[in-house]
Amino acid sequence: MKRLGLILLFALACSGVPGGAPALWETGGPTKLTVGSVADLTTMRRSGATLAGTFGTWKDKWQAKCLSYLALTDGTAEVYYDGLQATSPGWTLTTIGGAGGAGAWLTNVAGGVVQFTTSATANRGYIVTQGGSPFPINTQKGDKWCAAIKAAVPSTPDANSVIRIGIGDGATGGSVVHFLLSGSLSTTTWYSDYYNGAAYVDATLSTTLDANYHTFLIYNDGTTVGFVYDGVSKGTVAASGVNSDDGTIEVWAQNGATAAAQLINLDAWLLVTVGAS
């Protein structure tokens, strides 16, 4: 079921430091992806690695939390991650609907952080996905999975804006499990949001938007889907309510009928799953 408005949807891979300080990356970081290749995400599978530096510290912390939520060990899970360096990774950007036009990557806006902007044109909409099919999550409902995404929203949302951070199938109006900031609900409060096969279901997480970097974590342990913000649980839904499509890391944004550009700063991502390809 397609949401109204225009959408930026992108699977994310990046890392940096809040406040603009340069990041220290792991030695010989992950190979950048080839856009559209089925093998893209398998090149990001680096289970068991211990990394140095800022990204390594973030990755190790949130990998441990994900494994704990899923009651798994590193040897029984597939672990995918990346930190952005000097160039954007292999994400595929497609304009959908509306006035559209090309979005813009602004790399290294804060020591390795990549910023995406819808630009100051009304009705901008995009899909950006990481890698090709098969995605790491075979089924959003049936697989155990955990996604952690470090990001910031430095723009000011209005009644026409939408920002989404989480897991999805890369399709317009497709299956998702997201943190949602929708101007039609609130311009200041994050909601949980998922597609149940017939409609999108939203619930407030009582968490206020700010411009700082935060880690947005969502997990499915096979029974419960949990929404965790900077390590604090903010809400849960039954895993049985989530749709069964495949999935990968993704973020959506739109600026709707207004010309106010919506920005997302992308810093790092991590995905832990079992049952994937």
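In the predicted model, F179 touches I163, R164, I165, W190, Y191, L205, F216, L217, I218, F227, V228 and Y229, leaving aside residues up to four places away in sequence. Because its relative accessibility is 1%, F179 counts as buried.

F179 also belongs to the largest nonpolar core, a set of 32 residues in which I165, V177, F179, W190, V225, F227 and L271 have the most contacts. At least two residues of this core come from each of strand 7 (145-152), strand 8 (162-168), strand 9 (176-182), strand 10, strand 12 (214-220), strand 13 (224-229), strand 15 (248-254) and strand 16 (263-273). Another core, of 18 residues, lies apart from it and includes W58, Y81, V228 and V272.

Aromatic pairing was examined next. The count of aromatic pairs comes to seven. One of the pairs is formed by F179 and W190, with an edge-to-face arrangement, a centre-to-centre distance of 6.4 Å and an angle of 85° between the planes. Since F179 lies in strand 9 and W190 in strand 10, this pair ties together parts that are eleven residues apart in sequence. Both F179 and W190 are buried.

F179 is likewise paired with F216: the ring centres are 5.2 Å apart and the planes meet at 75°, a value over the 60 degrees required, and the pair is therefore edge-to-face. This pair links distant parts of the chain, with F179 in strand 9 and F216 in strand 12, 37 residues apart. F216 has a relative accessibility of 4% and therefore counts as buried. Through ring pairs, F179, W190, F216, F227 and Y229 are linked into a cluster.

Strand 10, which spans residues 189-195, also holds S192. With a relative accessibility of 3%, under the 20% cut-off, S192 therefore counts as buried. Beyond residues up to four places away in sequence, the contacts of S192 are H178, V201, D202, A203, L205 and F227. L205 and F227 are also among the residues that F179 touches, and F227 is one of the members of the ring cluster.

Charged side chains were also found over aromatic rings. R164, one of the residues touched by F179, lies over the face of W252 at 4.6 Å from the ring centre.

Conventions:
Residues are numbered from 1 along each chain as its sequence is written. This is a predicted model: local features need pLDDT of at least 70, side-chain atom pairs count only at pLDDT 80 or more; totals for chains, interfaces and linings use all residues. Side-chain values use heavy atoms; hydrogens and water are left out. Helices (H or I, at least four residues) and strands (E, at least two) are DSSP runs, numbered from the N terminus. Buried means under 20% relative accessible area, exposed over 50%, partly exposed in between (1.4 Å probe, protein chains only). Contact means heavy atoms within 4.5 Å. A nonpolar core is a set of buried Ala, Val, Leu, Ile, Met, Phe, Trp, Tyr and Cys residues joined through side-chain atoms within 4.5 Å. Rings of Phe, Tyr and Trp (its six-membered ring) pair if their centres lie within 6.5 Å; planes under 30 degrees apart count as stacked, over 60 as edge-to-face and the rest as tilted. A charge sits over a ring if NZ of Lys or CZ of Arg is within 6 Å of the ring centre and within 35 degrees of the ring normal.
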